[in-house]
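Hi everyone, thanks for making time. Please have a look at the structure on the screen, and I'll walk you through a few places in it.

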Amino acid sequence: MLWVGVLPMRAEMTPEREAQFYYDFYAGQKAMNDGRYAQAFCLFRLCADIHPTDARTQDYLGIIYDALHLKDSARVAYARAYQYAPNELYQHHVSTLMEQNRFKEAFTIMQAVTKAHPEDEDAWHALLQLSMILSDYKTATQAIDKEDKLLGPSPYSALVRYQIAIRQNKVKKALGHLDTYLEQVPDNPTVLNDYAYILATHKGDLNKAEQMSAEAIRLQPENSSFLDTYGWILHLKGKDTLARFYLTKALNLATDPNEKKLIQQHLEKTK
């Protein structure tokens, strides 16, 4: 059965008005699902006139405004939906806050939602994303711990734990999480490149770094970033002639000005 509203109908509402609300609501929902947004909008506006504090109606109005590219009106409707049902209809409101870079507000909301719904993995995932944006690694760790409890450990959670550790400059711990990831997904070129780069920049095992970097290039031979990593590792191992070959190739493939500048700096070190 479809959940329609979060608040009961007003006591003074007549049965006829209540019946009209539900009729318009279901008709509006069907029109929206069919892509008939103008008709859906009119029907949900009638619902809002009958029951102004129905959160689901406001949420649907926000979706329609979004579809019509009326972003400001959508934000207002989503905010109202959240106001009327703060622990239920938070998703769209939080998304609009994030679009406006209002991350702290969104973070506070998601903290409350996870307390209200501790078994909601989507809520924990949203809190995890916001925690990473705000560099709140304690909360991020709590969130990924909860996700693992609800869904079981996964390659994704290993990557998240790696990101948390490397941002805190806990290199050994970060590499341990990458090991866990690569045990399950051994051929991810980006992870292989990251692993090699960390080893190269933190005085790690250069032989292992070269091996991993070479594998990343085998998987994506035209990736300028991967070629730059490989060339730099070769330079650190004293193989400057070969390093110049790969760094020159990386420079020719790179399109981002900042990346080209970094590769050029690496190339000059080999001369």
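Let's begin with two residues, F44 and Y60, which are both buried. Please keep in mind that this is a predicted model. The rings of F44 and Y60 form an aromatic pair, with 5.2 Å from centre to centre and 35° between the planes, and that pair is tilted. Where do the two partners sit? F44 belongs to helix 2, residues 37-50, while Y60 belongs to helix 3, residues 55-67. The two are 16 residues apart, and their pair links distant parts of the chain.

How many aromatic pairs does the structure hold? There are nine. One of them is made by F245 and Y246, whose planes stand at 90° with the ring centres 5.1 Å apart, so this pair is edge-to-face.

Now on to helices. Two packed helices are described by the angle between their axes and by the distance between those axes. Take helix 4, residues 71-84, and helix 5, residues 91-99: they pack at about 130°, and their axes are 8 Å apart. Oblique is therefore the word for how helix 4 and helix 5 lie to each other. The crossing of helix 4 past helix 5 is left-handed. Which residues meet there? From helix 4 we have R75, Y78, A79 and Y82, and from helix 5 we have H92, H93 and T96.

Helix 6, residues 103-116, packs with helix 7, residues 121-133, at an angle of about 145° and with 9 Å between the axes. Helix 6 and helix 7 also have a left-handed crossing. On the helix 6 side, the contact includes F103, F107 and M110, and on the helix 7 side it includes W124, L127 and L130. The residues of this contact split into eleven nonpolar, three polar and no charged.

N101 lies in the loop between helix 5 and helix 6. Its phi is positive, about 60°, although N101 is not a glycine. Is N101 buried or exposed? It counts as exposed, because its relative accessibility is 55%. S135 sits in the loop between helix 7 and helix 8. S135 is not a glycine either, and it has a positive phi of about 60°. With a relative accessible area of 43%, S135 is partly exposed.

My last stop is helix 10, residues 171-184, where we find H177. H177 counts as buried, because its relative accessibility is 18% and the cut-off for buried is under 20%. What does H177 touch? Leaving aside neighbours within four places in sequence, H177 is in contact with A158, R161, Y162 and A165.

Q184 is in helix 10 too. At 43% relative accessibility, Q184 counts as partly exposed. Not counting residues up to four places away in sequence, Q184 touches S154 and P155.

Methods. Residues are numbered from 1 along each chain as its sequence is written. This is a predicted model: local features need pLDDT of at least 70, side-chain atom pairs count only at pLDDT 80 or more; totals for chains, interfaces and linings use all residues. Side-chain values use heavy atoms; hydrogens and water are left out. Axes are lines fitted to C-alpha atoms, for helices over the stretch in contact, and angles run from 0 to 180 degrees between N-to-C directions. Helices (H or I, at least four residues) and strands (E, at least two) are DSSP runs, numbered from the N terminus. Angles under 35 degrees count as roughly parallel, over 145 as roughly antiparallel, 65 to 115 as roughly perpendicular and the rest as oblique. A crossing is left-handed if the near helix is turned anticlockwise from the far one by less than a right angle, and right-handed if clockwise. Contact means heavy atoms within 4.5 Å. Rings of Phe, Tyr and Trp (its six-membered ring) pair if their centres lie within 6.5 Å; planes under 30 degrees apart count as stacked, over 60 as edge-to-face and the rest as tilted. Buried means under 20% relative accessible area, exposed over 50%, partly exposed in between (1.4 Å probe, protein chains only). Ala, Val, Leu, Ile, Met, Phe, Trp, Tyr, Cys and Pro count as nonpolar, Asp, Glu, Lys and Arg as charged, and the others, Gly among them, as polar.
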